[in-house]
Amino acid sequence: MNNRISFSRIRESRLFWVLTAWAVILGFNALFVPEFFRIGIQDGHLYGNLIDVLNNGAPLMLVAIGMTLVIATGGVDLSVGAVMAISAAMGAVLINPAPGDKLVSNEILTRNATNTPLAIIVIATLAAGTLCGLWNGLLVSRAKIQPLVATLILMVAGRGIAQLISNGQIITIYYTPYFWFGNGYILGLPVSIYIVAAVAILAWVGVRKTPIGLFIEAVGLNPKATYYSGISAKNIQLLAYTFSGFCSALAGLILSSYVHSADGNNNGLNYELDAILAVVMGGTMLSGGRFSLLASVLGAIVIWTFTLSMYALGVPANALLAGRAVLVLLVILLYSDRRLIKRRSKNNQAAVQSQDEKPSLPHP
Amino acid sequence: MADPQNLITVSGVSKAFPGVIALEGVEFTLRKGEIHALMGENGAGKSTLIKILTGVEQPDTGRIELENSAISIRSPQHAQDLGISTVYQEINLCTNISVAENIMLGHEPRRFGGIHWKKLNELARQALARLGIELDVTQPLGIYSIAIQQMVAIARALAIASAKVLILDEPTSSLDANETARLFAVMRSLKQAGIGIVFVTHFLDQVYEIVDRVTILRNGRFVGSFEIAALSRVELVAKMLGRVVDELQALAHDKDNSAQQTDNNQLIKASGLGLRGALEPLDLTVGVGEVLGIAGLLGSGRTELASLLFGIATPDSGSLVIDGQPVTRFSPQALIKRGVALCPEDRKAEGIVGELSIRENIILGLQGRYGWFKFIGRQKQTEIAEKYIKLLGIRTPSPDQLVKNLSGGNQQKVILARWLVTQPRLLILDEPTRGIDVGAKAEIQKLVLELVKDGMSIVFISSELEEVVRISDRIVVLRDHAKVAEYDHAVSDRTLMQTMAGEA
């Protein structure tokens, strides 16, 4: 966005810390698990850990994009994981040739066929998630419920709704065209990463080439002053939560496509926490305000690079959570250190402020 | 040198921040039982000196003595332990916990390993009683007015330490006349008790009313310390500004000219406009190109009136007509579309978005009016911002500077710019000059008069009567949430004051 580049600018940039974190993890891998970087070609497409980071991380990147806007308005969306489960269940049920509790033979269930055209499945899936987001947005902006509580409702209820849709079953998907979103490749790269890129660009244009980005930041920083400037904070919030719902739905679609199944209890489990972590790593304050979509996406990439690095190191899956806790701790420390630096320079600025009647004020 | 009456002696103190010298060779002596004003324009170095005295900043050079022995004040906590208590301009108390807890926070009396609530409340009540205030200390602080909160902050400063020195950083900027008088009574009794008080203020009247001596700073340099009795007002102002001020006199002259131009073409007509509990129904008109002054004490309903005119609150009686068209929907958005703009009283909370740049703050109003789809491009934004930075003389190195880094006067100009960009027809200014130095005050007053010449209508709310009288064509006086009188601009301060106080 800025033409001028200087070192302090780079250091203050939201991208700096998240890129540093990524570099540290990659550096560690270069020393201890060099095979992490191996990229090969199989069936005409690329494969390897780095490609997996993009493909497996795609749902989290999408959720993080939506979460960024919500957090920037000063809120939070805890329901993203549950919304993923809802949209995954929606997709699976529409594919399933035998919906409901009808007695069907195994042969029918495992057929590579669908009950509903793929386009309708995608639209219905996305609509379901978007509707969930709209619901959150209405609770927060119109009913004035605190975001934490408002989205907690759907976080808890959402998994129930997902189970209701899938009739309490884990639905395995056999319809191969549906697998394209999570397993397909275009020009050697996973389809999912194109989807992420498309959504990220769409979101970036949507907020930075319109006033919406400024309004979101203003609402997050000082809602009252924003209201007094004639800007409807309500509609801005509604938009952010609805968009977050849309992103979660897309993430749910990709995830269920990747794992070939919809499980109301486990699809998108803990995604809300990972997404919040990704956004925080991207330098967006939990209190709202300035945000960077790219930095949040990078945050998601860091989380998945870390996860897959642990796998590559041979850390068992059930010990991974502990490893991730270490990552969280490190990030929080980095973050609070940054706050310290900020506070220090703030003090200086405050003093500068008392001097700003002087004409020759150097840029602090 | 070693005068036993000396409480604090600061000599040769300098402090530099990257790129700026905030203080240079400052001298300052506070004696026991004196009230000592610290004066200077915004940016003179008052806050830096106070930060050094309270341990927030460490001086680069120089010596600080407390009761004639050299000390270094390591932290705000350390300052308190030494007996230096401070009440800051921005009240830093917690509004969501009780008054008593605020006063005793960190010093709660304990019993059986828990807090002795009864004693805590009693101690808090006593602390307030010393200031002559009685209130329900178990209520959350937030339900009380800013003025009461200020008193609570003072009570806290005095209660938690055996204070020898009390620093009051602009304590009166949000107090009305009665409350100020009450605060002064408290200050006098503290003075009797031998406490030294450092009093930072912009109000000259108050300085002459209560202060014994004054120390003046300008651009971080020490100008001098004076016995107040030996210093005339003009000399004081001249020393603060480092120049002779005749801008204010020139203004009064301007006013006489513009007063003649107002033939009343009504822009705003409010009839029976009121809101239960906030404002008794009142009639009000504002002509095109007219300044309507609103005078009234804090809590007289002046801010409530501004809220109604700007649509923040919806009236439950009467009607508001703008340019012949009645207002049906009350919201800032709707009223902004009708050409109304408000510079709110609480600049920090309701005006600026501190973490955004000057450019973004200025553009916010116009962009809000344009809505989501008509985007003002980055280049156009910078153009607009630069134009208004120049026009209003906002002192900043760049339009991308964050607004929180500006001084109060410049922040106020940014909010003014935000509205001027939208070319409003009615501009409501609620205490636009509060907490602003003399120079910036004159600039803002001058600007108001220029805008009026261009046909803008202005509602000017201020607690400084002199200012209201100087600028306004007509003055409406509010008292106890009701309109009590309306005067033309020839009214005297004294009459106004009596009307406001209900003596006339």
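These are my notebook entries on a predicted model, taken chain by chain.

**Entry 1: chain A overall**

I began with the secondary structure of chain A, where I found 15 helices and six strands. I then looked up burial, and buried residues account for 48% of the 364 residues in chain A. Turning to contacts in chain A between residues at least 6 apart in sequence, I noted that 78% of them join residues at least 24 apart.

**Entry 2: helix 10 of chain A**

I went on to helix 10 of chain A, residues 212-221, and found that 10 of its 10 residues are buried, so this helix is largely enclosed by the rest of the structure. The buried residues include A:Phe215 and A:Glu217, as well as A:Gly213 and A:Gly220. When I asked what they pack against, I found helix 3 (49-72), helix 9 (191-208), helix 11 (223-228) and helix 12 (233-259) of chain A, together with helix 13 (358-370) of chain B.

**Entry 3: helix 13 and helix 15 of chain B**

On the side of helix 13 of chain B, the contact is made by B:Ile358, B:Asn361, B:Ile362, B:Leu364, B:Gly365 and B:Leu366, while helix 15 of chain B contributes residues including B:Arg418 and B:Trp419.

**Entry 4: the sheet of chain B**

I next traced an open sheet of six strands in chain B, which has mixed pairing and the strand order 18-19-20-15-21-22. Its edge strands are strand 18 (340-343) and strand 22 (482-488) of chain B, each of which pairs on one side only. Neighbouring strands of this sheet are turned by 20° against each other on average, with direction ignored. Strand 19 (residues 426-430) and strand 20 (residues 457-461) of chain B pair in the parallel sense over five bridges, and I noted B:Phe460 in strand 20 as the bridge partner of B:Leu429. Helix 10 (residues 302-310) of chain B packs on the sheet, touching strands that include strand 15 (291-295) and strand 21 (474-479), and its direction makes about 155° with that of strand 19 of chain B. Helix 16 (residues 438-453) of chain B lies across strand 15, strand 19 and strand 20, running at about 155° to strand 20 of chain B.

**Entry 5: domains of chain B**

Lastly I looked up the division of chain B, which consists of domain 1 (6-241), domain 2 (246-339 + 424-504) and domain 3 (347-422). The centres of domain 1 and domain 3 of chain B, taken over C-alpha atoms, are separated by 33 Å.

Key. Residues numbered from 1 in each chain as written. Chains lettered and ligands numbered in written order. Predicted model: local features only at pLDDT ≥ 70, side-chain atom pairs only at ≥ 80, totals over all residues. Helix = DSSP H or I, 4+ residues; strand = E, 2+ residues; numbered from the N terminus. Buried ≥ 20, exposed ≤ 12 C-beta atoms within 10 Å, placed from the backbone. Contact = placed C-beta atoms within 7 Å. Pairing = 2+ DSSP bridges. Axes fitted to C-alpha atoms, helices over the stretch in contact; angles between N-to-C directions. Domains from an automatic or database assignment.
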